[in-house]
Amino acid sequence: MNTQANWIIRAVAAWPLALALIASVAPPLPAQAQGEYRSAVRHRHARSKVPPVPMTATAPKPAPLPLRTPFTAAEEATASIPGMPDARFWADSTEDFKNALPSKPGPWLILSSGGEDGAFGAGFLNGLSASGKRPDYAVVTGVSTGALIAPFAFAGSHYDNALRDAFTKITSADIFEIGATPESFVDTWPLKDLIAKEITPALLADIAARYRAGKRLFIVTTDLDTSRSVVWNMGAIATYGGEKATDLFRKVLLASSSIPGAFPPVLIDVESNGKRFAEMHVDGGVGGQFFVAPAALMAATSDYRLPATELSIIVNSGLQPDFEVVPRTTQMILTQSVSMAVQVDTRLMLDRAYLVAKRSGTTFNVASIPPDFNVPSHGTFDPDYMKALFQTGYDLGNSPSPFSAAPPAYPAAPASQPQDPDKTGAN
């Protein structure tokens, strides 16, 4: 496999929805294969396997983009947002992470990636509010679709209606427009406009007020130039006010949800020793499906204790494997493979977070899409599917036991027909 192909697969592996978009511009399956495939779709993974739409041979080629200003690794290492020195830190910097935390312990909320399945997290938080069990979170972190939920979750339950509308009243037309750019399969100007509409001056003012009160909102993006994750201190950004801070706040949300290869990257202007240049940022999920703390502090060999009274993780996806006979096409093989890889990555991260919580004497909570949720999706960002998933999340959040105290159990091996031990090598 050549270097370019290897990179594309690694990047796309961070986000299953990307393959749905690839499928949408790929040549269509034969009629028989489409029929077999659709008959197998009976669960939530239908969202990433929409019927493909052929791309016309006459589609115009995107115009080339201007060259980027060159910069060195040393310049990037010291780069910062002009006028906002506390706007961000590297996700692998333990010292910066500790310095950015609140001075007092409190409950933490961690929001994962998941694309349109963010409707589950939005519904869950609404249900948690209705139950009267939703705490006043001291720290909220968000990655990808979790980044789009996080500002509303951080600002408080009085934004629950806005959060509900953001995940139940949109379609794919509100997220992207089919048509390749030099950097992506689709154009996300609709998502940019949607973020601008939802991130209002009133919301930013409330986020700034909570930051001044000692609360923290962290959003993660991936800096492709350094292959490192970046944590953005969104409350600090909001306190600066004005057009520049608002523009940066919105750009970070767009970047954190920009699926590499499928969506265009987001260029963010920085400065290093008087030199101005632009960094390239993409989906925060490239570096992990959610963020709790730098990897060094999460390691089994670390003795770091989280300053959290409880650690609550909302996983905007299901964690159970699904059986189906996969059609012999590139996009479907990649879709199933990536879906499995993301599930494995999420489970490993949950296991690590659980161990860190126990080491820290912190209550561990986790919620994910129930395995019995089986509403089919009829396309990317299908409103009916998202409304059903929102309601599922709401019902769970409003239930007597919304969270599990440990990661979901690994599924048992599937049942099989008894075999002759002499032929299977069993003792």
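**Reading cavities, cores and contacts in a predicted model**

Modeller: The chain has 16 helices and eleven strands. The model is a predicted one. Of the chain's 427 residues, 53% count as buried.

Colleague: Among contacts between residues at least 6 apart in sequence, what share joins residues at least 24 apart?

Modeller: That share is 80%.

Colleague: Where is Ala63 found, and is Ala63 buried or exposed?

Modeller: Ala63 is in the loop that runs between helix 3 (31–40) and helix 4 (73–77). Ala63 counts as exposed because its relative accessibility is 56%, and the cut-off for exposed is over 50%.

Colleague: How is empty space found in a model?

Modeller: A probe the size of a water molecule is rolled over the atoms, and this shows where empty space is left. Here the count is two cavities of 30 Å³ or more. The largest cavity has a volume of about 290 Å³.

Colleague: Which residues lie nearest the centre of the largest cavity?

Modeller: They are Leu148, Phe167, Ile175, Leu191 and Leu194, out of a lining of 24 residues. Helix 7 (145–155), helix 8 (160–168) and helix 9 (189–198) each give at least two residues to that lining. By type, the lining of the largest cavity holds 18 nonpolar residues, four polar and two charged.

Colleague: Thr145 is in helix 7 as well. Is Thr145 buried or exposed?

Modeller: Thr145 is buried, because its relative accessible area is 4% and buried means under 20%. The side chain of Thr145 reaches the backbone oxygen of Gly115 at 2.9 Å.

Colleague: A pocket is the open kind of space. What is the volume of the largest pocket?

Modeller: The largest pocket has a volume of about 680 Å³. Its lining has 27 residues, with Glu183, Lys192, Pro265, Val266 and Leu267 nearest the centre. Helix 9, helix 12 (242–256), strand 8 (266–272) and strand 9 (275–282) are the elements that give two or more residues to the lining of the largest pocket.

Colleague: Which element supplies the largest share of that lining, and how do the residues divide by type?

Modeller: Helix 9 supplies the largest share, with five residues. The lining of the largest pocket divides into 15 nonpolar residues, three polar and nine charged. Helix 9 also gives at least two residues to the lining of the largest cavity.

Colleague: Next, the nonpolar cores. Which members of the largest core touch the most other members?

Modeller: In that core of 69 residues, they are Leu111, Leu217, Trp232, Met234, Ile237 and Phe249. Taking Ile237 as a case, and leaving out residues up to four places away in sequence, Ile237 touches Met84, Ala87, Trp232, Ala245, Leu248 and Phe249. A second, separate core has 32 residues, including Leu101, Phe290, Leu306 and Val366.

Colleague: What is the relative accessibility of Thr221, and which side chain makes a polar contact with its side chain?

Modeller: Thr221 lies in strand 6 (residues 216–223). Thr221 counts as buried because its relative accessibility is 0%. Its side chain makes a polar contact with the side chain of His281, at 2.9 Å. Neighbours within four places in sequence aside, Thr221 is in contact with residues including Arg228, Trp232, Val252, His281 and Gly284.

Technical notes
Residues are numbered from 1 along each chain as its sequence is written. This is a predicted model: local features need pLDDT of at least 70, side-chain atom pairs count only at pLDDT 80 or more; totals for chains, interfaces and linings use all residues. Side-chain values use heavy atoms; hydrogens and water are left out. On a 1 Å grid over the protein atoms alone, a cavity is a set of points where a 1.4 Å probe fits but cannot get out, and a pocket is an open set with protein on both sides within 12 Å along at least five of seven lines; lining residues have an atom within 4 Å of a point. Grid points are joined across faces, edges and corners, and a volume is the space filled by probe spheres set on the points. Helices (H or I, at least four residues) and strands (E, at least two) are DSSP runs, numbered from the N terminus. Ala, Val, Leu, Ile, Met, Phe, Trp, Tyr, Cys and Pro count as nonpolar, Asp, Glu, Lys and Arg as charged, and the others, Gly among them, as polar. A nonpolar core is a set of buried Ala, Val, Leu, Ile, Met, Phe, Trp, Tyr and Cys residues joined through side-chain atoms within 4.5 Å. Buried means under 20% relative accessible area, exposed over 50%, partly exposed in between (1.4 Å probe, protein chains only). Contact means heavy atoms within 4.5 Å. A polar contact is a pair of N or O atoms within 3.5 Å; within protein, one must be able to donate a hydrogen and the other to accept it, and residues adjacent in sequence count only if both atoms are side-chain atoms.
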